[in-house]
Amino acid sequence: MNGLVDLHSHSDQSDGSLTPEQLVDHAVAAGVSVLALTDHDTTAGHARFRAHARACGLVPVCGVEVSCTWDVKGGQCHLLGLGVAAGHPALEAALTEIRGGRDRRNARMVEKLNALGYPVTLAEIEAVAGGEVVARPHFARVLVERGLVESYQAVFDTLLARGAPAYVDRFRLSPADAAELVVAAGGRPVIAHPAFLGLAGADLAAFLRGLLPHGLWGLETWYTGFSNAQITEFKALADELGLVATMGSDFHGAPKPGVIIGHRAPGVPLPGPCPPDLLADAV
């Protein structure tokens with residue numbers, strides 16, 4: 001199949017800026033032929049995404065990006081579920097619980113911001129979000145649009161990054177539990193952006209090997225900003241462990257203006273082809 005393959009993108013159903021339909025249109029205009037919608041902790045956009053993709057000749061892969069517990073200082077663990085079935089009871093119950101934890105966290109972050117002298121309300125942040133998921137980029141958008149902070153990056157650097165004054169943690173699934181739920185929902189678990197885990201070498205290999213019995217299927221190898229050395233390392237590790245090396249931009253639209261759909265850097269497209277298993281599920 002000709003065209004670019006991008007297995008990691010977000011719509012306004014989580015923290016992206018484009019509707020599922022606009023995301024499809026943007027991808028098609030950019031030459032993408034296979035696209036995965038992987039909104040954070042929700043499958044709410046799947047039906048719209050799938051319908052519009054098929055109408056536009058784009059192959060849709062319906063997915064989700066699950067927030068996982070992680071205790072490596074400075075690191076984070078997200079797991080992509082590619083090809084999941086929306087409406088699967090166990091997965092949807094877990095995602096609802098994660099979003100509930102996010103809601104409680106959001107209310108507490110508003111309190112902290114107010115105490116720090118930033119007069120924002122949860123109602124205006126929810127209005128900006130528009131979808132099921134209200135996340136830190138929505139806080140950033142309100143703070144920037146209100147002129148309270150100069151840029152998205154400054155919001156995270158000074159207020160909302162882990163350990164910053166207004167940050168609040170929230171409920172997450174363990175990586176093993178997340179992987180098992182994805183498998184139960186008919187999907188394929190992939191560790192997203194492994195460079196962000198804060199692990200390297202034998203420690204990274206041991207972590208991934210420990211997830212194999214829980215159904216781990218892939219490792220995101222080509223990703224926005226990854227160096228050639230990182231890509232070589234992750235591809236070798238995927239091959240060693242029998243994992244599928246996947247590719248994704250992590251496109252969000254306005255919240256991440258430097259990220260180009262279908263590419264890992266300006267002028268550097270993500271490689272194909274799409275893993276055949278995902279194509280079989282999508283068509």
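**Helix packing and sheet arrangement in the predicted model**

Helix H3 passes helix H5 in a right-handed crossing. In this model, which is a predicted one, H3 spans residues 89-115 and H5 spans residues 136-145. Two packed helices are described by the angle between their axes and the distance between the axes. For H3 and H5, the angle is about 30° and the axes lie 11 Å apart. Angles under 35 degrees count as roughly parallel, and H3 and H5 are therefore roughly parallel to each other.

The contact between these two helices draws on residues from both. Helix H3 contributes Arg 105, Asn 106, Met 109, Val 110 and Leu 113, while H5 contributes Arg 136, Phe 139 and Leu 143. Classified by residue type, the contact of H3 with H5 comprises five nonpolar residues, one polar residue and two charged residues.

The strands of the model are considered next. Seven strands form an open sheet with mixed pairing, in the order S1-S2-S3-S4-S5-S6-S7. Strand S1 (4-6) and strand S7 (244-248) stand at the edges; each has a single partner strand, so one side of each is left without a neighbour in the sheet. From one strand to the next, the twist averages 30°.

Within the sheet, strand S4 (residues 77-82) and strand S5 (residues 188-191) run antiparallel and are joined by four bridges. Gly 81 has Pro 189, in S5, as its bridge partner. Two helices that pack on the sheet are described here. Helix H2 (residues 46-56) touches strand S2 (32-37) and strand S3 (59-68), and the direction of H2 makes about 155° with that of S3. Helix H7 (residues 175-184) also packs on the sheet, where H7 touches S3, S4 and S5. The direction of H7 makes about 5° with that of S4.

A further position of interest is Phe 171, located in the loop between helix H6 (152-160) and H7. The relative accessible area of Phe 171 is 30%, and this residue is partly exposed. When neighbours within four places in sequence are left aside, Phe 171 is in contact with Glu 97, Ile 98 and Gly 101.

Methods
Residues numbered from 1 in each chain as written. Predicted model: local features only at pLDDT ≥ 70, side-chain atom pairs only at ≥ 80, totals over all residues. Heavy atoms only, no water. Pairing = 2+ DSSP bridges. Axes fitted to C-alpha atoms, helices over the stretch in contact; angles between N-to-C directions. Contact = heavy atoms within 4.5 Å. Parallel < 35°, antiparallel > 145°, perpendicular 65-115°, else oblique. Left-handed = near helix turned anticlockwise from the far one by under 90°. Nonpolar A, V, L, I, M, F, W, Y, C, P; charged D, E, K, R; others polar. Buried < 20%, exposed > 50% of the residue type's maximum accessible area, 1.4 Å probe, protein only.
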